[in-house]
Amino acid sequence: MANPFTSHRDAALAVLNGNNRLSRKSGQFLGQLAVDPSPLSDAQADWLAKLLDRAALPPLAEGGA
């Protein structure tokens with residue numbers, strides 16, 4: 001398995017740059033994560049984890065910024 005992402009920005013960009021079908025809402029969410037360095041809420045972390053899983057990408061590392 002590939003190494004987990006160490007930042008939510010890198011994870012969001014990987015999903016956006018992949019060949020993934022995304023809803024407008026998911027795209028907006030990932031765009032926000034790519035530019036906003038604020039820590040993720042639990043709900044945001046859960047949503048990002050689901051998007052990474054659907055895109056067959058590695059998860060966000062525990063404590064990833």
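A: Start with burial: buried means under 20% relative accessible area, exposed over 50%, partly exposed in between (1.4 Å probe, protein chains only). Helices (H or I, at least four residues) are DSSP runs, numbered from the N terminus. The model is predicted: local features need pLDDT of at least 70, side-chain atom pairs 80 or more, while totals for chains, interfaces and linings use all residues. Residues are numbered from 1 along each chain as its sequence is written, and side-chain values use heavy atoms, without hydrogens and water.

Q: Which residues of H3 are buried?
A: Leu48, Leu51 and Leu52.

Q: What makes them line one face of the helix?
A: Directions are taken from the helix axis to the C-beta atoms. Those of the buried residues of H3 fall within an arc of 100°, so they line one face. The face turned away carries the exposed residues Asp42, Ala43, Asp53 and Arg54.

Q: What covers the buried residues of H3?
A: The cover includes helix H1 (8–17) and H2. Contact here means heavy atoms within 4.5 Å.

Q: Why is the pair of phenylalanine 29 and tryptophan 47 called stacked?
A: Rings of Phe, Tyr and Trp (its six-membered ring) pair if their centres lie within 6.5 Å; planes under 30 degrees apart count as stacked, over 60 as edge-to-face and the rest as tilted. Here the centres are 4.1 Å apart and the planes at 10°, so the pair is stacked. Phenylalanine 29 lies in H2 (residues 24–35) and tryptophan 47 in H3 (residues 42–54).

Q: Is phenylalanine 29 buried or exposed?
A: Its relative accessibility is 5%, so phenylalanine 29 counts as buried. Tryptophan 47, at 27%, is partly exposed.

Definitions and conventions
Helices (H or I, at least four residues) and strands (E, at least two) are DSSP runs, numbered from the N terminus.
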